[in-house]
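Here is a friendly briefing to read alongside the model. Keep the viewer open and follow the topics below.

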Amino acid sequence: MTNVLIVAEQHAGHLRKASLHALSAGRELARRTGGRLAAALLGSGIDAAAAELAAHGVEVHVADAAVLEHPLAEAWAPVVADLARATGSTLVGAAATAVAKDVLPRVAARLEAGMATEVVGFGGEGSDLTFRRPMWAGNVLAEVEITTPVKVFTVRPTEFAAAPREGQGELRRAPVAVDAASLRTRHLGFVEVKSARPELTEARTIVAGGRGTKGDFRPVEALADALGAAVGATRAAVDAGWVPNDWQVGQTGKVVAPELYVAAGISGAIQHLAGMKGSRVIVAVNKDPDAPIFQIADYGLVADLFPALPELQAKLR
Ligand SMILES: Cc1cc2nc3c(=O)[nH]c(=O)nc-3n(C[C@H](O)[C@H](O)[C@H](O)COP(=O)(O)OP(=O)(O)OC[C@H]3O[C@@H](n4cnc5c(N)ncnc54)[C@H](O)[C@@H]3O)c2cc1C
């Protein structure tokens, strides 16, 4: 039996959107392998998030305990591994979030499983199942076969549609056999960057700026606010210290796929494209007509961003 277990995530009791994308990936895997799909949700006081998840038509195993309040990999991994065994799940995955990147490798080690990360698609069926994942900043797509009986994976949420609300899944209590006193790691605190803007990876619209801003992000931020968008940046802008590093989009930053991505003063280096080329509509504003960003842009404006962005903003108003 090849059942599929998707480890969903909540933050402060709210289901994370990325988990719904992972659920779609899980559903596709269940179809390809003929197994059953279930989800796991870990935390403390997470009934509302569990109900929200179950409303997407999936059986949810809820591991609710004080020791699981914070996503400590040391505490979460044994619970997920036990659940995988109990549900006969040989495919265990999650969205490639910061939390999953910490927890899932430990789960893989406990299950003696091979692991594929940042998966963007699947191939084959049954025992011929393969995992498609980018290598070398997205220049190559590798078709990976995992040869261990249990296979662990993370998926890029941007590559799978969010699972729709459909049906009503069952809620089950999952056993939690973790002794808080035995943990060697401790949660010290969570420093949240408070922003009125949407979170970069969840935003429908992003306005991003690069070195072309020369450090003046005001026109980028003003256009973003007019559109209710998140603000992104290239590594050049982050490395120059102009903007915080959690704004960075790209190979070593965040991977995003909004409905609209406006790139202003960004050349379109391969490492930046690796993080945003999945966007539905790409608008580029660059004063160099030969900038590589124009090769992937749906709409290109050869212009100086300093007059162009305010003009665009005025026209939108
Ligand atoms: C291992 C590795 C990982 C990396 N990871 C990332 C990553 O995650 N994300 C990332 O972004 N980069 C990453 N990089 C860096 C990447 O290679 C590029 O250096 C970077 O993306 C360039 O940023 P940029 O487009 O802002 O700057 P530039 O390449 O310098 O481009 C600036 C652009 O602005 C235009 N411009 C200038 N003035 C104006 C104006 N007034 N109006 C309009 N346009 C103007 C110019 O024509 C030019 O095209 C990585 C590099 C390496 C080696």
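Contact here means heavy atoms within 4.5 Å. With that cut-off, and leaving aside neighbours within four places in sequence, Thr-234 is in contact with Gly-209, Gly-210, Arg-211, Gln-248, Ile-266 and His-272. This is a predicted model, in which local features need pLDDT of at least 70 and side-chain atom pairs count only at pLDDT 80 or more, while totals for chains, interfaces and linings use all residues. Residues are numbered from 1 along each chain as its sequence is written, and side-chain values use heavy atoms, with hydrogens and water left out.

- The chain is divided into domain 1 (3-182) and domain 2 (200-316), with bounds that come from an automatic or database domain assignment.
- Between the C-alpha centres of domain 1 and domain 2 the distance is 32 Å.
- On the domain 1 side, 8 residues are in contact with 8 residues of domain 2.
- Together, domain 1 and domain 2 bury about 710 Å², 50% of it on carbon and sulfur atoms; buried area is the accessible area (1.4 Å probe) that two parts lose on being put together, summed over both.
- Lys-17, Ala-137 and Thr-158 supply 62% of the area that domain 1 buries against domain 2, more than any other three residues.
- How many salt bridges does the rule find across the interface of domain 1 and domain 2? The count there is 0, where a salt bridge is a side-chain nitrogen of Lys or Arg within 4 Å of a carboxyl oxygen of Asp or Glu.
- The rule does find 1 residue pair in polar contact across this interface, both residues being at pLDDT 80 or more. A polar contact is a pair of N or O atoms within 3.5 Å; within protein, one must be able to donate a hydrogen and the other to accept it, and residues adjacent in sequence count only if both atoms are side-chain atoms.
- By class, the side of domain 1 that touches domain 2 has 2 nonpolar, 3 polar and 3 charged residues. Ala, Val, Leu, Ile, Met, Phe, Trp, Tyr, Cys and Pro count as nonpolar, Asp, Glu, Lys and Arg as charged, and the others, Gly among them, as polar.

**Salt bridges**

- Side chains of opposite charge can pair when their charged atoms come close.
- By the salt-bridge rule the count comes to 21.
- Arg-16 pairs with Glu-9, the closest N and O atoms being 3.5 Å apart. Arg-16 is partly exposed at 25% relative accessible area, whereas Glu-9 is buried at 6%; buried means under 20%, exposed over 50% and partly exposed in between (1.4 Å probe, protein chains only).
- Arg-184 and Glu-74 meet in a salt bridge of 3.3 Å, N to O. Arg-184 lies in the loop between strand S12 (171-173) and strand S13 (205-209) and Glu-74 in helix H3 (residues 73-86), so the pair ties together parts that are 110 residues apart in sequence. Helices (H or I, at least four residues) and strands (E, at least two) are DSSP runs, numbered from the N terminus.
- Within that pair, Arg-184 is exposed at 73% relative accessible area, and Glu-74 is buried at 11%.
- A network of salt bridges links Arg-36, Glu-59, Glu-170 and Arg-172.

**Positive phi angles**

- Most residues other than glycine have a negative phi.
- Glu-112, although not a glycine, has a positive phi of about 50°. Its place is in the loop between helix H4 (98-110) and strand S7 (114-119), and Glu-112 is exposed at 67% relative accessibility.
- Glu-118 also has a positive phi, near 55°, but is found in strand S7 and is buried at 18%.
- Glu-118 forms a salt bridge with Lys-101, the closest N and O atoms being 3.3 Å apart. Lys-101 lies in helix H4 and Glu-118 in strand S7, so this pair ties together parts that are 17 residues apart in sequence.

**Two buried sites**

- His-61, in strand S5 (residues 59-64), is buried at 7% relative accessibility.
- The side chain of His-61 makes a polar contact with the side chain of Glu-59 at 2.8 Å.
- Not counting residues up to four places away in sequence, the residues that His-61 touches include Leu-41, Leu-83, Thr-87 and Arg-172.
- Thr-234 is found in the loop between strand S14 (230-233) and helix H6 (235-239), and is buried with a relative accessible area of 9%.
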